[in-house]
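Try each task first, then read the solution step by step.

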Amino acid sequence: MKVIAFNGSARKDGNTAILLNTVLEEIKKEGIETELYQLAGKKIQGCIACYKCMKNKDKRCAVTKDIVNECIEKMIEADGILLGSPTYFADVSAGTRALIERTGYVARANDYLFKRKVGAGVIAVRRGGAIHAFNSLNLFFFYQQIINPGSSYWAFAIGRDPGEVLNDAEGIQTMKTLGENLAWLLKKVRR
Ligand SMILES: Cc1cc2nc3c(=O)[nH]c(=O)nc-3n(C[C@H](O)[C@H](O)[C@H](O)COP(=O)(O)O)c2cc1C
């Protein structure tokens, strides 16, 4: 079994990466393979509404000059999908949005490619907008029929500079509980 985590931050190895790794650590403890894939520095653009995925139905995006098809392959291969984003203007980052638009439409065009996988979202935030950003991630999971386990609180943690989220004890605990719940659920539904 495998869980793939996407870090949609424009900043590599920042707070979102720390939160995702905190979730992944718990999943690893349960003997499940994990991978962190960071979008920072990589090329990704939003959906161009060509609708070719609806016609081709080949599990690929027709826009081939960026990382999206690689991401789709990683999602298909995985049993669990984590999406992590910093809060940018009270929503997810542009990179995360692009990942949602492109993978989401290809998945839908191919009879819901990620149906009944397990997934969850995590958010890094300095001060405001985390719940809105968190909801944006969850709308993806619900649309895609991805099963979300929840945690002891909504999965966000507070920090601005890289590493500051580690000072948010409740936020970090929420990530650990999310990891435990994700591993538990994976073992129930993806045997
Ligand atoms: C373009 C931009 C917009 C931001 N907008 C918000 C915001 O709306 N609310 C907030 O609390 N923090 C905002 N922040 C701060 C980041 O969410 C915060 O620093 C977060 O920890 C960054 O995560 P990272 O280290 O993974 O990049 C913004 C940062 C940037 C670069």
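## Exercise 1: A pair across the chain

Lys74 and Glu35 join their side chains in a salt bridge, with N and O 2.8 Å apart. Here a salt bridge means a side-chain nitrogen of Lys or Arg within 4 Å of a carboxyl oxygen of Asp or Glu.

Before going on, note that this is a predicted model, in which local features need pLDDT of at least 70 and side-chain atom pairs count only at pLDDT 80 or more, while totals for chains, interfaces and linings use all residues. Residues are numbered from 1 along each chain as its sequence is written, and side-chain values use heavy atoms, leaving out hydrogens and water.

**Solution.** 
- Step 1: Helices (H or I, at least four residues) and strands (E, at least two) are DSSP runs, numbered from the N terminus.
- Step 2: Lys74 is buried because its relative accessible area is 18%. Buried means under 20% relative accessible area, exposed over 50%, and partly exposed in between (1.4 Å probe, protein chains only).
- Step 3: Lys74 and Glu35 also belong to a salt-bridge network with Lys2, Glu33 and Glu77.

Side chains of opposite charge can pair when their charged atoms come close.

## Exercise 2: A helix and a loop

**Task.** Say which parts of the chain are tied together by Glu73 and Arg60.

**Solution.** 
- Step 1: The closest N and O atoms of the Glu73 and Arg60 salt bridge are 3.8 Å apart.
- Step 2: Glu73 is in helix α3 and Arg60 in the loop between α2 (52-56) and α3, so the pair ties together parts 13 residues apart in sequence.
- Step 3: Glu73 is partly exposed because its relative accessible area is 47%. Arg60 counts as partly exposed too, at 35% relative accessibility.

## Exercise 3: A residue in a loop

**Task.** Decide whether Ile32 is buried or exposed, and list what Ile32 touches.

**Solution.** 
- Step 1: Ile32 is in the loop between α1 and β2.
- Step 2: With a relative accessible area of 3%, Ile32 is buried.
- Step 3: Not counting residues up to four places away in sequence, Ile32 touches Met1, Lys2, Val3, Ile27, Ala183, Leu186 and Lys187. Contact means heavy atoms within 4.5 Å.
- Step 4: Ile32 and Asp79 are 47 residues apart along the chain, and their C-alpha atoms are separated by 9.8 Å.
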